[in-house]
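Student: I have a model open and would like to go through a few of its residues with you. Could you start with the term we shall need?
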Amino acid sequence: GLEAERERRRAEAALAEARDTLQAMGRVFAAGNPVIAGRPEVAFREVLAAAPQQLETLPAPTRRAVRYAVALAQAQLGEDAAAAQGFAEAAALAEQLGERQHWAMARYRQLALSVELEQAEVLVQQAEALLADPRLDDQPLIRAGAQIRAAEMLARLFRFRRAGTLLAEAQTALASMPALDLTEDPTLAAEIEVDALLVETAFGTQFQGARPPAALIADLKAARERLAPQFVGEQPRRVVLDLLAQHLPDALASRLEWRAALAADLNERIERYGLTHPSNIAAVRAGIGLGLLQDHFDRALLRHQLAMARALPDGSRLKLRLLLDGVDVRMGDGGVQRAELLAAQAPLCTGDAARGIECVWAAVSLATLDLLEGRATEALTQVDALMRRSESLPVPFDRYVYAAAAGLYRQAGRTAEAVPIAEHAIRAMDADPELTPEARDIEVMAWSWSFRPDRCDRVLALV
């Protein structure tokens, strides 16, 4: 019949496209042949990087499929910048071809890979723009993924209410998501579902209506059993999911044995896969986060993290973030040094970018390191400069800067200047709509010590 004939033609077209794609992939990988390349060894990364030139003369559908596949391989290797560019090119080709699902998938992949490449403020704008695009109306999985990415970035900007709302909407959608045919990207749905759990684990206690820990742990364990087998190799999400499902219950129960088990596992992983393997960086950061649940900053893990940072090039946003995480931990000669932090932030914190929260916090951290290294005058000069432009600090991040500045003034013996800034910080906390009442009480009490020793009466009044 007519329908059978249509089905046969569709199948023939799909088979022809698959053959074209396989032939194009063969052309890409042939560039790694030493005879063709003209040199004895060609790194796989180089083969993938040369793919665009190998595809220029091919039909657009084939180029789109191969560009997407190559970008997936680059992402697996940790080549995030190259992969993000590849997905951007795949999205542009899909848009030209009118392939809405492929466009949405490529745009989401590009956004997700940009998390360690771009400022959080820029990523929020990109995620919100994607969510506002009507072409996502019939792409529920990609919409949920974009909501999760936006929630993560908003939480990094301390905008917890909007972050919590987006994460809840994404989780509701995922709970009733029908099975999707994602042949070209078979782990995409699993990755998005795992990401929702990882964002909730990292920031969920800051959100209104946070779930009880037992419910989150149960979902982590269920996801580990159901989704982990879908991931191939050392995928960072799978590694972190496994780590959390295994050790989060012990961390929340105030048990300590898990720390030694985690350290042994990480040491073995680093020996096997190398210091800067993406899954190892993710695992170390997750392990440090688990330790903080017990008010314990694991210095052994931090040493790994700082070694990872030092192995990355200046100008890497990931390097800057890894260094900033360790500024406030006293580790002597092994801790973060002012010179390396200055070199890491310099390429990233120019022009308008200097007003972003990471660059502002880098300035606070540089002042902290100046003070620790005996340069009180330089430290207070930087703090004074920050306070002079305090009105331009992004809200609600401004309260953290005020509180840190008050602490630096107090450490430098200028307590008279610390008191009004601490009052400013507390007023900012009181006015911050993102804070729950419980979180506000905790933060106010934590920073109230900036009033000591001159204004212990103020500490008592806050208590």
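Tutor: Two residues are in contact when heavy atoms lie within 4.5 Å. Please keep in mind that this is a predicted model.

Student: Which residues is Ala104 in contact with, leaving aside its neighbours within four places in sequence?
Tutor: Ala104 is in contact with Leu136, Gln139 and Ile142. Ala104 itself belongs to helix α7, residues 100-113.

Student: Is Ala104 buried or exposed?
Tutor: Ala104 is buried, because its relative accessibility is 0% and the cut-off for buried is under 20%.

Student: And how far is Ala104 from Arg135?
Tutor: The C-alpha atoms of Ala104 and Arg135 are 7.8 Å apart in space, while 31 residues separate the two in sequence.

Student: Changing topic: how many disulfides does the structure hold?
Tutor: The structure holds one disulfide. It joins Cys349 to Cys359, with an S to S distance of 2.1 Å.

Student: What is the handedness of the link between Cys349 and Cys359?
Tutor: The link is left-handed, with -85° about the S-S bond.

Student: Which parts does the pair tie together?
Tutor: Cys349 sits in the loop between α18 (338-345) and α19 (357-372), and Cys359 sits in helix α19, so the pair ties together parts that are 10 residues apart in sequence.

Student: Are Cys349 and Cys359 buried or exposed?
Tutor: Cys349 is buried at 14% relative accessibility, and Cys359 is buried with a relative accessible area of 5%.

Student: What about Cys456, buried or partly exposed?
Tutor: Cys456 counts as partly exposed, at 39% relative accessibility.

Note on methods
Residues are numbered from 1 along each chain as its sequence is written. This is a predicted model: local features need pLDDT of at least 70, side-chain atom pairs count only at pLDDT 80 or more; totals for chains, interfaces and linings use all residues. Side-chain values use heavy atoms; hydrogens and water are left out. A disulfide is a pair of cysteine sulfur atoms within 2.5 Å. Helices (H or I, at least four residues) and strands (E, at least two) are DSSP runs, numbered from the N terminus. Buried means under 20% relative accessible area, exposed over 50%, partly exposed in between (1.4 Å probe, protein chains only).
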